[in-house]
Amino acid sequence: SPSSLSESKFRKWASQRPHTAELWTQMPSPEVIDYCIKVYFNSIHWFMVVVHEGRITTKYATLFEAYELDRLSMPDSDEDFTFVLLLMMIVVMGAKCALMHPVRRRKLLTLMSCSEESVENTMASLISIIRSHLLDALSVCTLETVQTCILLGSFYLYHGDPNIAWSILGCAYKAIQALSLNKEKQWIKSSGITDPSLNEITQLRRRIFWALYISDRFSAMAYGRPLEIQDEMCDIGLPNDITTYPVFGSPSYLPDGPSDEPTLLTYQVYKVEFYVILGEIIANLYTSPSLGCSALVQKYNSQNRPSSRASMISNASMSSPTSHAELRNSVEELEAKLRAWYVAVPDALKLDAVLDNAPEDLSMNPDMDDGDDFLVSPDESSDEAKEQFRRNVLGVEALVLQLGYDNALIMLHRPFLATDAQSAEKCWNAALRMSRVSSHPGLFAGIQASHAVSFVCLHLFTAGVVLSYFGCREPLSVRALESKQAMGRILRMQKALSGNALVADRGHEILENLTRALVEKEMDRILT
């Protein structure tokens, strides 16, 4: 019939994804998958909570059992297909973090019975598979589609390809809109949920949305990309900080501590609030307002008719959005909001308080080559090991929040860095604090084999550039001496991280050149 003929023609152009079992054949051995999942939940999950522990472990076990019994009858729903892509991404990111850690690297190489280069090639093959089926995943558009895009975008964002990262994160946002993750009230009303704060799926949807929101703001901050997610287009609550994953009462990779202390998910709540404020800083201080496309049709307005299209566009581009006084007022208001947020952060997530109360055994040092990779497991690890892991992660979370806070202060006052002494002093103090984050070796070492390594490198680079500015501005001064000392600390940190992050290598090279320029400027001053 004509209708069936047209459908047949359409299918030739439509998405034709492979069977889930065919995709599963590309996965590494179960032992490798298990180990990479374990590394993922130890090294990445605390930094960005994108997946639900119970859904990952349960679904993985179900699909693996079905594949082993009869691959031809393996479940093949859209959710199953996109879940396997998500699992591949988790394996890749877990393997990436394992290769950053000497003991875990040896364990992974043993499990795969191959060289490190072969492991890298295998993970690159998995990434290629994910990329080749990304449009298929977007076509069916499940929660796992969004999760895969966020993890893949984050992988590229933190490992040297911001262009493709930004595009993939943009796809994730369109998928979020298709699933109404940004319109929570609308979804809750249609689903009939009575208490969204306790519903696991609601909490998961919130965590997925906010993980993408944070990546969007970070991309804008670090690489100057436009803000993709507009706050006024979103209606969604904050995730709670109760560690109910995988299900309430079950053991978790994010173990609970005493009831009167923050959980490992408390960090996520304050991190979300911070990035909302950071987005306001970017929008107010680093986004140039203009008439945009509406300028092209402004001549049809009943009022304010420009004489020509050329003069209209010229006037829109040359007009200053705010005066100097208004810009100063915006900085003061945003700084007050940022400082109020910092005051509200619990002491357990403030770096100074953590360092003051840190026990001597607070260490996640990836250089400890003693045969123990210190990976916790919900069912196998002792309560003592879980408590040590919880303290370690809280300390590293505090370090990450402190770096973000100081970097935001620099962003706030950078427009007045050269013209206002008060703003210059605030930038100086923030950069100096950032140079001292390695004062507790255990905390800094905890970053080295985690997904946060590139985040730290980018923030340290910002601090180094600011410090070099002060040193070059006042050569041979006491401040120039302090600047060189602080830059030396940052260079040592960048060098320690250089094997694990491309941005560390590039940042170290640039900061080394800036340090040489500072020293040469002082030599010129001495010799003239």
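These notebook entries record what I looked up on pockets and helix packing in a predicted model.

**Entry 1: largest pocket**

I began with the empty space. Rolling a probe the size of a water molecule over the atoms shows where such space is left. The largest pocket has a volume of about 600 Å³. I counted 31 residues in its lining, and those closest to the centre are Ala220, Met221, Tyr286, Met411 and Arg414.

The largest share is that of α20, with seven residues. Sorted by class, the lining of the largest pocket comprises 18 nonpolar, seven polar and six charged residues.

**Entry 2: second largest pocket**

For the second largest pocket I noted a volume of about 360 Å³. Its lining has 14 residues; nearest the centre lie Thr57, Tyr253, Ser377, Pro378 and Asp379. Two or more lining residues come from each of α3 (30–43) and α4 (53–69). The most are given by α3, namely four. By class I recorded seven nonpolar, two polar and five charged residues in the lining of the second largest pocket.

I turned next to helix pairs. Two packed helices are described by the angle between their axes and the distance between the axes.

On the α9 side, the residues in contact are Leu143, Val146, Gln147, Ile150, Leu157 and Tyr158. On the α12 side I listed Leu204, Arg205, Ile208, Ala211, Leu212, Ser215, Phe218, Ser219 and Tyr223. The contact of α9 with α12 divides into 11 nonpolar, three polar and one charged residues.

**Entry 3: α3 and α6**

I also followed α3 from the second largest pocket, to whose lining it gives four residues. How do α3 and α6 pack, in angle and in distance between axes? For α3 and α6 (residues 102–112) the angle is about 160° and the axes are 9 Å apart. This makes α3 roughly antiparallel to α6, since the angle is over 145 degrees. The crossing of α3 and α6 is left-handed.

From α3, the contact involves Glu31, Val32, Tyr35, Cys36 and Ser43. They meet Arg104, Lys107, Leu108, Leu111 and Met112 of α6. By class I noted six nonpolar, one polar and three charged residues in the contact of α3 with α6.

Finally I looked up the packing of α6 with α7 (residues 116–132).

The contact of α6 with α7 has five nonpolar, one polar and two charged residues.

Technical notes: Residues numbered from 1 in each chain as written. Predicted model: local features only at pLDDT ≥ 70, side-chain atom pairs only at ≥ 80, totals over all residues. Heavy atoms only, no water. 1 Å grid on protein atoms, 1.4 Å probe; cavity = no way out; pocket = protein on both sides within 12 Å on 5 of 7 lines; lining within 4 Å. Points joined across faces, edges and corners; volume = space filled by probe spheres on them. Nonpolar A, V, L, I, M, F, W, Y, C, P; charged D, E, K, R; others polar. Contact = heavy atoms within 4.5 Å. Axes fitted to C-alpha atoms, helices over the stretch in contact; angles between N-to-C directions. Parallel < 35°, antiparallel > 145°, perpendicular 65-115°, else oblique. Left-handed = near helix turned anticlockwise from the far one by under 90°.
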